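Please read the points with the structure open.

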Amino acid sequence: MNLNTRRLAAVASVVVVGLSASACGGAKAGDSASASAESCVDTSGDTVKIGFLNSLSGAMSISEKTVSDSLGLAAEQINAEGGVLGKQLEIVQEDGASEPTIFAEKAEKLIQSDCVAAIFGGWTSSSRVAMRPVVKSLNSLLFYPVQYEGLEADRNIFYTGATTNQQIIPALDFLKNEKKIDSIFLAGSDYVFPRTANKIIKQYAAAHDIEVLGEEYQTLDKGEWGTAVDKIVETQPDVVFNTINGDSNVAFLEEYDAKGLSAKTIPIVSVSIAEEEAAAIDVDLTGQMTSWNYYQTVESPDNAAFVKAFKAKYGDERVTSDPMEAAYTSLWLWKGMVEKADSFDVDDVIEAADGVTFDSPEGTVVVNGDNHHIAKTTLIGEVQPNKLIKTIWSSDGPIEPDPFLEGYDWWDPNGA
Amino acid sequence: MDVIVSQLFTGASTGAVLLLVALGLALTFGQMGVINMAHGEFLMAGAYTAYLTQQAVSNSDVSLLIALPLGFLVAGMLGLLLEMTVISRMYHRPLDTLLVTFGVGLILQQVARDVFGAQPKAVASPTWLHGQLDLLGYGYPVTRLFIVTIAVGCLAGTAAVLKYTALGRRIRATVQNRDLAETVGVSTRGTDRVTFFLGSGLAGVAGVALTLVTATVSNLGTSYIVPAFLVVVAGGIGQIKGSVIAAFALGIVGAFLTYYTSGSLATVLTFVLVVAFLQIRPQGLFTVRTRSLA
């Protein structure tokens, strides 16, 4: 064996191992945030600065760009109506680059150098967890617009997406009571949200006589679902509960379709596929179900106005989705809180938050001052042939947020 | 029995995708020793070529067939450009090449994101690829069969070029002994360029095929570059047949491991197996007798 060959092989092995390590590198952030909690937000002029922090590059940009767009629309509308407390919003947009550590750094920059009054953004749980110590130690505000795994309530964060008792548990209630299912198969991406969601689902299933026939995970960047779909074919569950995130969904559903499965044979309930994702999947998804708090097809004057304004600003081919709506709502809720407090000061805003409402595109939402989530109505939807999603079932009015699932006696946070 | 058959088929189709993705790399990395981290972005270029072809030729039944050679040309030309502007200055410096091509890959991803947007593009698969074929009681998806066919076609083409053509002889001569090849009048620089064109072009073909099984996005390549290197390293540098066996072995072993453990654990175990294998055989499955590779 030649020395050069060996060296080349060694270099290549290092590359391969190094790359895979970096692909799953976690975030250790926030430690760098200095202790100066003195706010530098400048409210003396005609404007006030707010920060948008979304991944405009990297793997998550697919989703987060749309959130940045809808935040932009909200800011434009608020400014057109005279701003917040008479001050025009001045937006500082930062790119989180799909990397939790960058989210932490950029959050610190937004708060300390740009002196923004609040930050809007984040998508993955790891990005939120990375920003959390920063906004906490600098006593600022973060508005997080995406449904997530719950089990969190931070004084400096407002969560305008669903927690599990507003998305996953109602979906299970629907499957149990309306679809009369006896068995379920769990497929998810391998990270905190699907793992936590499936833990909840398994405990729910155990308490409600539903048999869990399988539980399959794949890493986010890996799109190989062949074996998992084989297992679904083999076990023939009544329904598949899908917590797969991102592009991996395309690979999963292509495989599902290629192996002859569809909504008619074994339906899927997805909690991460919205209008944007459905449109990009070249598979007949008609009849597959989703669980969200908002769809573009929601029939209300507020939503009609939102969809119309969004299309007017960004193009007729664009669609609106749940996280976009939650982000849009978050900026309006912040305006409501600031105006109720009559102050931009973070402590005053948090104080005033409880009970602030907004007639959002999904319906009227109310801020819960204790856990900083908002009451939301759950909508089970069915994908239409045109890839839009139609509501087929909704919860009885808005569900109060319960991020720690304290109201569910079957839930044991220390259980399996 | 059912499990064995179904996992053999599932593993083989994963293996076919791996092979298709790694085949180009087996030429540029395996034969030439260039660590091209932008190889994944050539896959992406192929996938977007398939998308653009479909936009131009609205008939999805034929657009895929047109896209295959087009993807080859587009990715090949990109590769040629990269070779002439950057890589040619970096032969014998594998680590520099690695870093520079990684950077080029990032640039290409961002360009694609700016041009095509961050949303994945849907490429409709032709109607003649819908459905399944019943093999040994197992419904085998026709799309996967098509990918196996393309992989085998590309493999046969590459092998034929290497074995029977004057170009192939020049490539092999350059790989085995660059100095000696030069003394008998082979333009090794020219050979390098053509090899790189072919290798990159194969990535383009793979990219077109990938639109059938995965999302067409700017970061498409990042999920495949690591497995592709794994295949070439495990298969043995400089040997195409090693890559073939490694791709199918990794696919099938991965499928069985996924079946009996879980997806994430299977990924870990596959890596462990490859590392353990490389401890026993650091040169990979097969090795080419040569005086100098670099």
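1. Aromatic pairs. Rings of Phe, Tyr and Trp (its six-membered ring) pair if their centres lie within 6.5 Å; planes under 30 degrees apart count as stacked, over 60 as edge-to-face and the rest as tilted. Over all chains, the structure holds 26 aromatic pairs. This is a predicted model in which local features need pLDDT of at least 70 and side-chain atom pairs count only at pLDDT 80 or more, while totals for chains, interfaces and linings use all residues; side-chain values use heavy atoms, with hydrogens and water left out. Residues are numbered from 1 along each chain as its sequence is written, and chains are lettered from A and ligands numbered from 1 in the order in which they are written.

2. An edge-to-face pair in chain A. Phe52(A) and Phe120(A) form an edge-to-face aromatic pair, with 6.2 Å centre to centre and 85 degrees between the planes. The pair links distant parts of the chain, 68 residues apart: Phe52(A) is in strand β1 (residues 47-54) of chain A and Phe120(A) in strand β3 (residues 119-121) of chain A. Helices (H or I, at least four residues) and strands (E, at least two) are DSSP runs, numbered from the N terminus. Phe52(A) is buried at 1% relative accessibility, and Phe120(A) is buried with a relative accessible area of 0%. Here buried means under 20% relative accessible area, exposed over 50%, and partly exposed in between (1.4 Å probe, protein chains only).

3. Phe306(A) and Phe310(A) form a tilted aromatic pair, 6.4 Å centre to centre with 50 degrees between the planes. Both residues lie in helix α10 (residues 301-314) of chain A, four residues apart, about one turn of the helix. Phe306(A) is buried, with a relative accessible area of 1%; Phe310(A) is buried too, at 0%. Ring pairs link Phe306(A) and Phe310(A) into a cluster with Tyr294(A), Tyr314(A), Tyr328(A), Trp332(A) and Phe358(A).

4. Charges over rings. A charge sits over a ring if NZ of Lys or CZ of Arg is within 6 Å of the ring centre and within 35 degrees of the ring normal. Arg128(A) lies over the face of Tyr144(A), 4.9 Å from the ring centre. Between the chains, the charged end of Lys231(A) sits over the ring of Tyr259(B), at 5.1 Å from its centre.

5. Cavities. On a 1 Å grid over the protein atoms alone, a cavity is a set of points where a 1.4 Å probe fits but cannot get out, and a pocket is an open set with protein on both sides within 12 Å along at least five of seven lines; lining residues have an atom within 4 Å of a point. Grid points are joined across faces, edges and corners, and a volume is the space filled by probe spheres set on the points. The structure holds five cavities of 30 Å³ or more. The largest cavity has about 70 Å³ of space. Ten residues line the largest cavity, and the closest to its centre are Gln31(B), Thr174(B), Val175(B), Arg178(B) and Asp192(B). Helices α6 (166-176) and α8 (188-210) of chain B are the elements that give two or more residues to this lining. By class, the lining of the largest cavity has four nonpolar, four polar and two charged residues. Ala, Val, Leu, Ile, Met, Phe, Trp, Tyr, Cys and Pro count as nonpolar, Asp, Glu, Lys and Arg as charged, and the others, Gly among them, as polar.

6. The second largest cavity. Its volume is about 50 Å³. Among the residues lining the second largest cavity are Leu253(A), Ile268(A), Ser270(A) and Val383(A). This lining has five nonpolar, three polar and no charged residues.

7. The second largest pocket. This pocket has a volume of about 590 Å³. Of its 28 lining residues, the closest to the centre are Glu276(A), Ala279(A), Gln119(B), Pro120(B) and Lys121(B). The largest share of the lining, five residues, comes from α2(A). The lining divides into twelve nonpolar, five polar and eleven charged residues.

8. Two backbone points. Asn139(A) is not a glycine, yet has a positive phi of about 45 degrees; Asn139(A) is in the loop between α4 (125-137) and β4 (142-144) of chain A. Gln236(A), also not a glycine, has a positive phi of about 45 degrees. Gln236(A) is in the loop between α7 (226-235) and β8 (239-243) of chain A, and is partly exposed at 47% relative accessibility.
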